[in-house]
Amino acid sequence: MASEYTTSEYIKHHLTNATMCSTENGIAFNKACSDAGFWAWHVDSLAWSVALGLLFILGFRAVAKKATSGVPGKLQAFIELIVEFVDDNVKSTYHGKSDLIAPLALTIFVWVLLMNLMDLVPVDWLPSIAGLIGQYGFGMDPHDVYMKAVPTTDLNVTFALALGVFVLILYYSIKMKGFGGFTKELTMQPFNHWAFIPVNFILETVTLLARPLSLALRLFGNLYASELIFILIATIGYMQLPLHFAWAVFHILVLPLQAFIFMMLTIVYLSLASEDH
Amino acid sequence: MNINATLIGQTIAFIVFVWFCKKYVWPPLMGAIEERQKKIADGLAASDRAEKDLELAQAKATEQLKDAKAQAAEIIEQAKKRANQLVDEETQKGHAEREKIIASGYAEIEAERNRAKEDLRKQVAALAVAGAQQILQREIDAQAQNDIVEKLVAEL
């Protein structure tokens with residue numbers, strides 16, 4: 001931890017996104033954007049997530065282009081391992097016919113996993129590098145340079161994923177059951193009587209909305225909490241080394257698990273949306 | 001951690017990544033995997049078939065071997081029989097030949113004996129006649145008593 005901070009300043013600094021917005025005076029950053037409202041961009045989240053997404057998509061594409069049905073190379077075998085793992089999960093859960101679900105699940109799993117794995121990068125590295133670049137490259141105060149490197153600790157990122165899934169839930173519900181069937185599902189369950197239609201509608205709407213909300217908040221909450229604890233550990237001096245190690249080892253389990261849960265629940269929600277009850 | 005326009009950018013990125021994955025990543029990878037699965041399945045089926053073929057061939061070979069052995073045994077049996085038959089025939093022929101030779105020997109001997117007897121008889125007759133001639137020379141004409149001599153000769 002950098003010594004010129006107080007602990008709370010340090011934590012706050014690490015948990016603040018680099019923000020960009022356009023004001024009357026042109027493009028502005030960080031504190032100048034505090035009253036920009038909705039039209040501000042977390043450039044660090046966007047940059048890291050897009051970079052990791054590109055890493056996934058281009059890496060997999062490079063392997064897919066050279067994929068052979070003969071004896072696979074080690075990299076291809078590894079990629080196929082992931083693909084088959086996702087495919088098995090999709091096939092065992094989603095019984096309809098769709099060629100979107102499996103690639104969607106693969107994208108979510110690998111992308112979220114990569115974003116989560118940024119959590120294992122020591123908490124000071126990337127913000128310090130960004131601070132040095134800001135200080136010596138652009139003459140900024142390093143305290144004003146923010147770099148939150150784990151995209152999944154940004155609520156916008158997790159909500160964007162959940163929003164995409166939510167749109168697909170609606171799409172599949174209407175596509176598979178028709179608009180009437182979907183409306184009926186929203187209004188005639190769990191109490192199949194006309195008098196209960198308002199009650200049913202409220203219950204079912206809450207259920208429906210709870211799905212993307214819980215998806216987004218679960219991932220965000222887990223990652224934000226673990227990142228926060230990494231930062232807290234980083235404030236306690238030399239004792240941080242074994243603690244940091246232990247917490248990181250624990251997250252070798254947690255981070256893939258969270259990615260897996262996000263993928264699995266997406267498949268489950270879409271399979272529920274596609275099936276008649 | 002307020003909600004802002006990042007949400008929009010992130011959603012667009014998400015859509016693009018999923019689209020790209022669906023279009024360019026998933027199909028070739030899955031294609032390769034499925035093709036390999038098919039190859040392996042085909043290979044296993046072929047090996048099963050080959051194993052069955054081998055079993056069949058082995059059974060056939062055993063059968064043929066048995067047949068061949070039986071045939072060989074039969075041929076040997078026939079050959080033995082034929083050999084015995086030949087030996088018998090030859091023996092019989094030999095016997096017959098021997099009998100024939102012996103018989104002809106006997107016949108020859110008999111003829112020889114008869115001839116010798118005849119010669120002897122003639123010589124004895126001639127001797128007797130000569131003897132008688134010498135005895136009777138003085139008193140009996142050889143011609144007059146020839147019939148008696150003939151009679152004597154026939155009685156020998």
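How much area do chain B and chain A bury between them, and what share of it lies on carbon and sulfur atoms? In this predicted model, the two chains bury about 3,700 Å² between them, with 75% of that area on carbon and sulfur atoms; buried area here is the accessible area (1.4 Å probe) that two parts lose on being put together, summed over both. On the side of chain B, Phe14(B), Phe17(B) and Trp26(B) lose the most area to chain A, together 20% of what that side buries.

Side-chain values use heavy atoms, with hydrogens and water left out.

Contact (heavy atoms within 4.5 Å) involves 52 residues from chain A and 30 residues from chain B. Across this interface the rule finds 1 salt bridge, defined as a side-chain nitrogen of Lys or Arg within 4 Å of a carboxyl oxygen of Asp or Glu. Glu80(A) pairs in this way with Arg36(B), their closest N and O atoms being 2.7 Å apart. The side of chain B that touches chain A comprises 19 nonpolar, 7 polar and 4 charged residues, where Asp, Glu, Lys and Arg count as charged, Ala, Val, Leu, Ile, Met, Phe, Trp, Tyr, Cys and Pro as nonpolar, and the others, Gly among them, as polar.

Within chain A, strands E1 (residues 19–23) and E2 (residues 26–29) run antiparallel and are joined by 4 bridges; strands are DSSP runs (E, at least two residues) numbered from the N terminus, and two of them pair if DSSP finds at least two bridges between them. A hairpin of 2 residues connects E1(A) to E2(A), and Met20(A) has Phe29(A) in E2(A) as its bridge partner.

Note on methods: Residues numbered from 1 in each chain as written. Chains lettered and ligands numbered in written order. Predicted model: local features only at pLDDT ≥ 70, side-chain atom pairs only at ≥ 80, totals over all residues.
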